[in-house]
Amino acid sequence: MRDLFEGHPIVEPAIETMSEGAFILRGFAKPQDGELLQALDDVLTASPFRHMVTPGGYAMSVAMTNCGAAGWITDRTGYRYDGTDPQTGLPWPAMPHCFEALASAAAAAAGYPAFRPDACLINRYVPGARLSLHQDRNERDFAHPIVSVSLGLPATFLFGGPKRSDTPSRFALRHGDVVVWGGPSRLRFHGIAELKDGEHETLGRQRINLTFRRAL
Ligand code: MD3
Ligand code: FE
């Protein structure tokens with residue numbers, strides 16, 4: 001919040017519209033960041049970050065894990081949701097209450113009052129990591145929105161169209177920003193540009209993204 005003129009603050013709008021059905025809630029997760037990172041530590045103890053392999057045989061530059069009833073995974077056989085962590089042979093850790101509460105509150109603020117996520121994919125980017133343009137289409141019902149929480153270093157979100165060849169727009173996503181994608185935005189191509197080097201005051205040289213979905 002800037003304070004430009006005799007104590008009259010210039011407040012950023014609570015909700016920015018990215019496109020039809022897609023909204024950025026700047027700083028929405030900031031009041032909870034300490035609690036989120038503490039809960040994340042417990043999740044990572046049970047199911048650590050790992051570099052999954054794509055069906056094409058390449059290890060992803062983004063490290064991933066999951067919590068919740070369903071976890072998104074990829075291996076040589078394809079992309080899917082599974083209730084078991086293939087690395088531990090155990091169910092994914094339960095979704096922490098503070099994760100689920102934040103995701104539902106953000107969805108409600110963006111006009112999706114009934115969102116109850118059963119999957120949380122956790123992505124870790126270090127400088128140089130990127131996520132190429134893709135669609136999220138492994139979920140059963142595209143009527144549910146997707147909620148994402150950005151923590152740590154800033155990133156450039158690439159927001160394309162319904163076809164891979166549509167030129168993407170670029171949006172900066174910073175620590176504490178929450179984005180809700182629903183309606184016609186739900187199936188648009190999207191990705192994250194190569195993460196620039198930097199140092200975040202609490203997370204250091206990394207960006208963590210929590211992506212909440214209703215998968216089943
Ligand atoms: C936009 N993650 O995990 S935010 C992903 O920041 C993913 O780690 C990015 O794309 C990240 O699949 C981007 C999440 C996101 C998820 C689904 C979307 C953005 C979306 C679906 C449609 C449009
Ligand atoms: Fe995605």
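Which pocket does ligand 1 sit in?

1. Ligand 1 sits in the largest pocket. Keep in mind that this is a predicted model.

2. Start with the neighbours. The shell around ligand 1 holds 19 residues. Asn123, Tyr125, His190, Arg207 and Arg213 are the closest. By type, the shell splits into seven nonpolar, seven polar and five charged residues.

3. Next, see where the shell comes from. Five strands each supply at least two of its residues: strand 8 (119-125), strand 9 (131-134), strand 10 (146-152), strand 14 (190-192) and strand 15 (207-213). Strand 15 gives the most, with four residues.

4. Now look at the side chains that meet the oxygen atoms of ligand 1. An N or O atom in the side chain of Arg207 is 2.9 Å from an oxygen atom of the ligand. For the side chain of Arg213, the distance is 2.9 Å. For the side chain of His190, it is 3.0 Å. On its own, ligand 1 has 490 Å² of accessible area, and the protein covers 98% of that.

5. Turn to the metal. Ligand 2 is an iron ion. Which residues are its protein donors? They are His134 (NE2), Asp136 (OD) and His190 (NE2). These donors lie 2.0 to 2.2 Å from the iron ion. Their spacing in sequence is H-x1-D-x53-H. Asp136 lies in the loop between strand 9 and strand 10, while His190 is in strand 14, so this pair ties together parts that are 54 residues apart in sequence.

6. Finally, look again at His190. This residue is among the closest to ligand 1. His190 is also a donor of the iron ion.

How values were computed: Residues numbered from 1 in each chain as written. Chains lettered and ligands numbered in written order. Predicted model: local features only at pLDDT ≥ 70, side-chain atom pairs only at ≥ 80, totals over all residues. Heavy atoms only, no water. Near = heavy atom within 4 Å. Polar contact = N/O pair within 3.5 Å; in protein donor to acceptor, adjacent residues only side chain to side chain. Areas by Shrake-Rupley, 256 points an atom, 1.4 Å probe, with all protein chains shown as cover. 1 Å grid on protein atoms, 1.4 Å probe; cavity = no way out; pocket = protein on both sides within 12 Å on 5 of 7 lines; lining within 4 Å. Sits in = over half its atoms within 2 Å of the grid points. Nonpolar A, V, L, I, M, F, W, Y, C, P; charged D, E, K, R; others polar. Donors = N, O, S within 2.8 Å, 3.2 Å for Na, K, Ca; no water.
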